[in-house]
Amino acid sequence: MATELEKYYNKFCEDKRLTRRHGQVEYITSMKYIHQYLEGNGNKSEVKILDVGAGTGRYSVQLAREGYDVTAVELVKYNLGILKSKGSNVKAYQGTALNLSRFAENTFDMTLVFGPMYHLYTFEDKVQALKEAKRVTKEGGIILTAYCMNEYSILTYGFKENHICDSLKSGKVDAEFHVVAEPEDLYDYVRLEDISRINEAAGVKRIKLISADGPANYMRQTLNAMDEETYRTFIEYHLSTCERYELLGASAHTLDILQKNQ
């Protein structure tokens, strides 16, 4: 029987999201930092990357085409089928971020955890996913973990779409305006301090925390209406400001860049 998450992704095309202008901001930014931390690893074919929660392979397929040794794990069969249909060299498996036991310790130079934290709604599960990513990553290796941010949900679904009062009354949002997620909600939303608590519990070291998409998700119509030169300038602006701490919490997605302690 299909889970609610599987039913959702059977209808929602993650592949197309990352090719639309607001999604391209997230993709371009994430790829910039992936490449930055892959530099100096030697022969690409010997660099092992694990993409956990790989979706339809937007990242894993491209990295494989660039010559890296890429393995993907994806829970949703529909997404996995699309990934496999792309004809890349990605070694793709169905599985969950909570159990990567098919892989030995210290296997991968870089581990991407871009989807799972969106959908794991308990602190314990998030810590478990990060611990598993840490376990399979080599000593000194890099882990990139993406999160959906609380204030984006409050400002858009809560205020812009006028659900805030009902959400407060029902307990979906607490008195401190933090989203209280349950499995049927599909997505969970965090604040910066939540991410730091997860890292501490998992025993990983942060290199930097960036805003993967900045204001792009708030500006979808504006971005779509831009001419190419203005859009390229927006990308330049975003890349020049995505590490600014004061902008992190209100973005739709953050990307935490971590290192496995040596």
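These entries go from the cores to the helices and then to single residues.

**Entry 1: the cores**

I am working with a predicted model. I began with the nonpolar cores. Which residues have the most contacts inside the largest one? I noted Ile-34, Ile-49, Leu-63, Met-110, Leu-112 and Leu-144, in a core of 40 residues. The element that gives the most is α3, with 6 residues.

I also found a second, separate core. It has 27 residues, including Ala-97, Ala-133, Leu-192 and Val-204.

Back in the largest core, I followed Met-110. What does Met-110 contact, leaving aside neighbours within four places in sequence? I wrote down Ile-34, Tyr-37 and Leu-38, then Lys-48, Ile-49 and Leu-50, and finally Ile-142 and Leu-144.

I looked at burial along α5. Asn-79, Leu-80 and Leu-83 are buried there. Why do they share a side of α5? They do because they cover an arc of only 100° around the axis. I kept the general rule beside this: an α-helix has 3.6 residues a turn, so residues three or four places apart point the same way.

Then I turned to the opposite face. The face of α5 turned away from its buried side carries Lys-77 and Ser-85, both exposed. Just after α5 I noted Gly-87, with a positive phi of about 70°.

**Entry 2: α3 against α12**

I looked up how α3 sits against helix α12 (residues 228-241). Their axes come within 11 Å and cross at roughly 45°. Angles under 35 degrees count as roughly parallel and 65 to 115 as roughly perpendicular. The pair α3 and α12 is therefore oblique. I recorded the crossing as right-handed.

Which residues meet across this pair? From α3 I have Arg-21, Gln-24, Val-25, Ile-28, Thr-29 and Lys-32. From α12 I have Glu-228, Tyr-231, Phe-234, Ile-235, His-238 and Leu-239.

I took Ser-60 next. Ser-60 lies in helix α4. Is Ser-60 buried or exposed? Its relative accessible area is 1%, so Ser-60 is buried. Not counting residues up to four places away in sequence, Ser-60 touches Asp-51, Ala-54, Val-70, Ala-72, Leu-83 and Val-90.

Val-61 is also in helix α4. Val-61 counts as buried because its relative accessibility is 2%. The C-alpha atoms of Val-61 and Glu-74 are separated by 13 Å, and the two residues are 13 apart along the chain.

Where is Phe-103 found? I placed Phe-103 in the loop between β3 (91-94) and β4. Although in a loop, Phe-103 counts as buried, at 11% relative accessibility. Its contacts, leaving aside neighbours within four places in sequence, are Leu-50, Thr-71, Val-73, Tyr-93, Phe-108, Arg-135 and Val-136. Between the C-alpha atoms of Phe-103 and Ser-251, 148 residues apart along the chain, I have 33 Å.

Ser-153 is in helix α8 (residues 150-160). Ser-153 counts as buried, at 10% relative accessibility. With neighbours within four places in sequence left aside, Ser-153 is in contact with Gly-158, Val-179 and Tyr-189.

Most residues other than glycine have a negative phi. I noted two cases that go the other way.

Asn-162 has a positive phi of about 65° and is not a glycine. I found Asn-162 in the loop between α8 and α9 (164-170). At 61% relative accessibility, Asn-162 counts as exposed.

Leu-186 is not a glycine either, and its phi is positive, near 70°. Leu-186 is in the loop between α9 and α10 (192-202). How does Leu-186 count, buried or exposed? I have Leu-186 as buried, at 17% relative accessibility, since the cut-off for buried is under 20%.

Key:
Residues are numbered from 1 along each chain as its sequence is written. This is a predicted model: local features need pLDDT of at least 70, side-chain atom pairs count only at pLDDT 80 or more; totals for chains, interfaces and linings use all residues. Side-chain values use heavy atoms; hydrogens and water are left out. A nonpolar core is a set of buried Ala, Val, Leu, Ile, Met, Phe, Trp, Tyr and Cys residues joined through side-chain atoms within 4.5 Å. Buried means under 20% relative accessible area, exposed over 50%, partly exposed in between (1.4 Å probe, protein chains only). Helices (H or I, at least four residues) and strands (E, at least two) are DSSP runs, numbered from the N terminus. Contact means heavy atoms within 4.5 Å. The arc is that of the directions from the helix axis to the C-beta atoms. Axes are lines fitted to C-alpha atoms, for helices over the stretch in contact, and angles run from 0 to 180 degrees between N-to-C directions. Angles under 35 degrees count as roughly parallel, over 145 as roughly antiparallel, 65 to 115 as roughly perpendicular and the rest as oblique. A crossing is left-handed if the near helix is turned anticlockwise from the far one by less than a right angle, and right-handed if clockwise.
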